[in-house]
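Got your viewer open and your selection tool ready? Let's take a walk through this one, stop by stop.

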Amino acid sequence: MSYKYYEGNWGEMRARAKLQWDKISYDELEQTRGNFDELADIIQERYGLDREDAMTQVEDFFSRY
């Protein structure tokens, strides 16, 4: 699926993302608008992960929906 799909459905998916990454606020999730890189940056910072692990989590999340 393309990035546009995620951006277009981000409002619905934001709640699911909040359940998965509870250390990230709704406002921060809204600001990413489903952008993989921005979301991975926040995950990396909040959870102390390296870039590759954070990006893997983002890709896994979007592949489920």
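Which residues does Val58 touch, not counting residues up to four places away in sequence? Select Val58 and show its surroundings: the contacts are Trp21, Phe36, Leu39, Ala40 and Ile43. Bear in mind as you go that this is a predicted model.

**The core**

Now widen the selection. The largest nonpolar core has 15 residues, and Val58 is among those that touch the most other members, together with Trp10, Trp21, Leu39, Ile43, Phe61 and Phe62. Colour by helix next: H2 (10–20), H4 and H5 (51–63) each supply at least two residues of this core. H5 gives the largest share, five residues.

**The rings**

Step along to Phe62, which is buried like Phe61. The ring centres of Phe61 and Phe62 are 5.2 Å apart with the planes at 80°, so this pair counts as edge-to-face. To see the whole cluster, select Trp10, Trp21, Phe36, Phe61 and Phe62, which are linked by ring pairs.

**Down the axis of H2**

Turn the view until you look along H2. Where do its buried residues fall? Pick out Trp10, Met13, Ala17 and Lys18, the buried residues of this helix. They lie within an arc of 150° seen down the axis, so they line one face of H2. Over on the other side, Glu12 and Leu19 are exposed.

Stay with Lys18 for a moment and show Tyr26. The charged end of Lys18 sits over the Tyr26 ring, 5.6 Å from the ring centre.

**Last stop: a loop**

Finally, select Arg33, in the loop between helix H3 (26–32) and helix H4 (36–47). What is its phi? About 50°, a positive value, although Arg33 is not a glycine. For context, most residues other than glycine have a negative phi. Arg33 is partly exposed, with a relative accessible area of 35%.

Terms used:
Residues are numbered from 1 along each chain as its sequence is written. This is a predicted model: local features need pLDDT of at least 70, side-chain atom pairs count only at pLDDT 80 or more; totals for chains, interfaces and linings use all residues. Side-chain values use heavy atoms; hydrogens and water are left out. Helices (H or I, at least four residues) and strands (E, at least two) are DSSP runs, numbered from the N terminus. Buried means under 20% relative accessible area, exposed over 50%, partly exposed in between (1.4 Å probe, protein chains only). A nonpolar core is a set of buried Ala, Val, Leu, Ile, Met, Phe, Trp, Tyr and Cys residues joined through side-chain atoms within 4.5 Å. Contact means heavy atoms within 4.5 Å. The arc is that of the directions from the helix axis to the C-beta atoms. Rings of Phe, Tyr and Trp (its six-membered ring) pair if their centres lie within 6.5 Å; planes under 30 degrees apart count as stacked, over 60 as edge-to-face and the rest as tilted. A charge sits over a ring if NZ of Lys or CZ of Arg is within 6 Å of the ring centre and within 35 degrees of the ring normal.
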